[in-house]
Amino acid sequence: MANPKIVVVGGGLAGLSATIKIAEGGGNVDLFSVVPVKRSHSVCAQGGINAAKNLKGEGDSTWQHFDDTIYGGDFLANQPPVKDMCEAAPAIIDLLDRMGVPFNRTPEGLLDFRRFGGTLYHRTAFAGATTGQQLLYALDEQVRRYESEGRVNKFETWEFLSAVLDAQGVCRGICALDLRSMEVRTFPADAVIIATGGIGAIFGKSTNSVVCTGSAQSALYQQGAYYANGEFIQVHPTSIPGDDKLRLMSESARGEGGRVWVPKTAGDKRDPKSIPESERWYFLEEWYPKYGNLVPRDVATRAIHKVVYEHGLGIDGQPMVYLDLTHIDRATLDRKLEGILEIYEKFVGDDPRDTPMKIFPGMHYTMGGLWVDFKQSTSIPGIFACGECEYSYHGANRLGANSLVSCIYGGFVSGPQAVSYAKNQTKSDTSVNGAFDSERKRQQEINARLMSSEGSENPFRIWRELGEIMTKDVTVIRYNAALAKTDEKIVELLERYQHINLSDKEMWANTSFVFTRQLYNMLQLARVIAQGAALRNESRGAHYKPEFPERDDANFLKTTKAYFAPDADEPRFEFEPVDTSLIKPRPRKY
Amino acid sequence: MAQNGKTVIIKVKRQASPDSNPYWEEFSLPWKPGMNVISAMMDIAANPVTREGKPSRPITYDSNCLEEVCGSCAMRINGRARMACSALIDNLNQPVTLEPLSKFPVIRDLAVDRSVLFENLKRAKAWVPIDGTYDLGPGPRQTPRQQEQAYPLSRCISCCCCMEVCPQFNDKTNFVGAATIAQVRLFNTHPTGAALKEDRLHALMGDGGIQECGYAQNCVEACPKDIPLTDAISEVSGQVMKQAIKDIFTR
Ligand SMILES: Cc1cc2nc3c(=O)[nH]c(=O)nc-3n(C[C@H](O)[C@H](O)[C@H](O)COP(=O)(O)OP(=O)(O)OC[C@H]3O[C@@H](n4cnc5c(N)ncnc54)[C@H](O)[C@@H]3O)c2cc1C
Ligand code: SF4
Ligand code: SF4
Ligand code: FES
């Protein structure tokens, strides 16, 4: 096959990286995305991207980056691909620099680097406060160049629904939905790359963008792909609770002296400034006298969660605590924190220089995702995956600024892998045509059923209930009894889903219909997360069980692999040993 | 949960499809702290009933990041083109009127087709022509000052607010609009990007080109990202003029 046709689903950093490699290598790409690719979630990343360039005379090395990543991930990641990623990272930064990313510079004109969590080195390159946006745009521009040369064909505002699998279970293309005309169509491909990002919407509100539903990953899991380490969910300690989403509040607020507290009396309605010191509880300072407000992310997150859900002391009965900067003078705040304080002002409407900020841990990132081998291939032949939607680089916990590099690296590996896979494929025979027809019909039937469904359930309310219970019981602190209840609740929601009544039955740009389809997949994937958490009776990285507070390498130094049992309509689990051939596991103690 | 019994009135200009007639609908919602236009529309979706108690449908609109960085949610709010996710209800006069951008084809309700900007970026070759993605070492050195000049231009979120408010951006002139011109400036300034400078300037000449701009400066006021648009337009105008003269002598 001279010029293979590859379908890439997703145009965030991962999907665009894969696309560029394929187009450069002479392949043709059909690029699918729910939103115009330039509006993908990757634009939200602010902090930066890691690479051990060692430009600060600190003796940093790619091995050190590798060690920090494995250690930070509590030894759950298979080590060889992580090592390869860390070795590739410096050249990736150089390439982005050549593409015109306006990285911050040193006086000499070299790239500047900052320090991030989980390392002692200045290893994070950044472009102002919008690194993700700048990286995405650079890749988007290169893809636009290939688009104008005819190598890339964009299907923006098209949603991937499912893979088309032949009788042998080999992927022959995809089935997708035009989000305007609502047409269901199949697209043949010699190989498919999935780069559909995060799953924040399963938790209702998160720091993720609206389209991060995990629907595509879930659809593939239901078609037979393994989903790995789903129970590992990163929660950021300080996000700004919003009615619509949780916006990130940078760690630097605490770094500059911000203090976290709650009123000692539950439901205290007073203006925070009028609550006397003696009636405030600075719980982080009390519990962790050594580090105070600057305990590591997971510790701070757990403490806040406990105060709200176990002590019932959230502000005004809501899941929120104060992050207080008002004791610091305005000039200092403006000099050091202006950018992030503006975000708070813009979206909350209060000035954090005058009023304590209200913050709460927010679901931020999934370490788990589609299972892939060391070459980004999923368990379905012909389907590759890269970016946040796959599981392989971050183990039990992701280090800050490591996601962007894993997305780009994963894209750079999966693109050429998909091409070489496609070149080795024999031309599919005509019997495959039936597979396209039947997959399209299957999807059209799902649509028809949903459109004609009569009942009283509103999908957005089911979604809110899912988000509430997932956030409460499957994020920060996990108890087996609560996890079992969560799974029961999801089963109940799936049952209620059968009685949904769509208020909008138009077959044109029907966003609530599209959302309702995604909701089904969210519910199915939520069970993988909840049950995976229930099975892992230990504490590791972001997964914490008070009943099993220690890491248990003897039993759980293993990748969780979930697969869908169609007859039972629920997940089944297997465990796979982790490749720790390069760095021997040691206790994780910061 | 209604707090203090306060309500919010939202008035939406709706349209079922590109060629159907627009109509207005009003919704009354319980006020919540920190509400913005998007969260209000999410509440409508969870209970799509109009102010008069008539069953309605969720509103179609574009959104993604909800933190004013993806550029999806531009619309006219109380008559002004701006981003819905950063429009706090408490800062808006009521009723809050929501209308689609007026200069782009309506898809449905508040969602419009803004692909014209992406097409313009293609015509303007808004990219750095690298040789390839293989390892060629670092890019050209740049001073912090150069970075400080490029960075603000590179923050354009392609929301099209600048085009919506521009008196020259209409079917008669075919004017490309301020956003594309700012990107031309960005790439013409980049040491490698400058290789395509002439192509970009030619793309901005003639029908719909930069000379259509009347310097009304509406664009720079509407831009949610404070992109220095008028600076970019005068700089690029100068470049286009020089290029035009050069063209005369080299043809
Ligand atoms: C607020 C915030 C700040 C962050 N900051 C940093 C940081 O500083 N450094 C860092 O390293 N990481 C950071 N992260 C994490 C990082 O941003 C993400 O992990 C990364 O951007 C994911 O990129 P992606 O390419 O995998 O997916 P995305 O950028 O989410 O792209 C997914 C793509 O898939 C498409 N898509 C999804 N589903 C479908 C479907 N069914 N059909 C068709 N298309 C579909 C979407 O339209 C989109 O184009 C941050 C995350 C958040 C939330
Ligand atoms: S200056 Fe005026 S005419 Fe020129 S682009 Fe801006 S709004 Fe349009
Ligand atoms: S220049 Fe400003 S207003 Fe125009 S598209 Fe860019 S961000 Fe939007
Ligand atoms: S939703 Fe992204 S800019 Fe408003």
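In the part that domain 1 of chain A buries against domain 2 of chain A, Lys205(A), Thr207(A) and Val476(A) supply 34%, more than any other three residues. The structure described here is a predicted model.

Domain 1 of chain A is made of two stretches, 1-232 and 367-590, while domain 2 of chain A covers 237-363. Their centres, taken over C-alpha atoms, are separated by 31 Å. Where the two meet, 20 residues of domain 1 of chain A are in contact with 17 residues of domain 2 of chain A.

Chain B is likewise divided into domains: domain 1 spans 7-112 and domain 2 spans 115-250. Taken over C-alpha atoms, the centres of domain 1 and domain 2 of chain B are 31 Å apart. Contact between them involves 13 residues of domain 1 of chain B and 15 residues of domain 2 of chain B. About 1,000 Å² is buried between these two domains of chain B, 60% of it on carbon and sulfur atoms. On the side of domain 1 of chain B, the residues that lose the most area to domain 2 of chain B are Glu68(B), Lys103(B) and Phe104(B), which together account for 51% of what that side buries.

Asn64(B), Glu67(B) and Thr133(B) contribute 12% of the area that chain B buries against chain A, more than any other three residues.

The ligands come next. Ligand 1 has 38 residues around it, of which Ser33(A), Ser40(A), Ser42(A), Glu388(A) and Ser403(A) come nearest. Two of these serines may be examined in detail: a polar side-chain atom of Ser40(A) lies 2.6 Å from an oxygen atom of ligand 1, and a polar side-chain atom of Ser403(A) lies 2.7 Å from an oxygen atom of ligand 1. The backbone also takes part, for a polar backbone atom of Gly11(A) is 2.8 Å from an oxygen atom of ligand 1. Taken alone, ligand 1 exposes 1,000 Å², and the protein buries 98% of that.

Several elements of chain A each supply at least two residues of the shell around ligand 1, namely α1 (13-24), β2 (28-33), β7 (158-165), β17 (357-366) and α10 (403-423). By class, this shell around ligand 1 holds 17 nonpolar, 18 polar and three charged residues.

In chain B, a cis peptide bond joins Gln94(B) and Pro95(B), with omega at about -5°. Pro95(B) is placed in the loop between β4 (80-83) and β5 (96-99) of chain B. In chain A, Asp569(A) has a positive phi of about 60°, although it is not a glycine. Asp569(A) lies in the loop between β20 (558-565) and β21 (570-577) of chain A.

Terms used:
Residues numbered from 1 in each chain as written. Chains lettered and ligands numbered in written order. Predicted model: local features only at pLDDT ≥ 70, side-chain atom pairs only at ≥ 80, totals over all residues. Heavy atoms only, no water. Near = heavy atom within 4 Å. Polar contact = N/O pair within 3.5 Å; in protein donor to acceptor, adjacent residues only side chain to side chain. Areas by Shrake-Rupley, 256 points an atom, 1.4 Å probe, with all protein chains shown as cover. Helix = DSSP H or I, 4+ residues; strand = E, 2+ residues; numbered from the N terminus. Nonpolar A, V, L, I, M, F, W, Y, C, P; charged D, E, K, R; others polar. Domains from an automatic or database assignment. Contact = heavy atoms within 4.5 Å. Buried area = accessible area lost by both parts, 1.4 Å probe.
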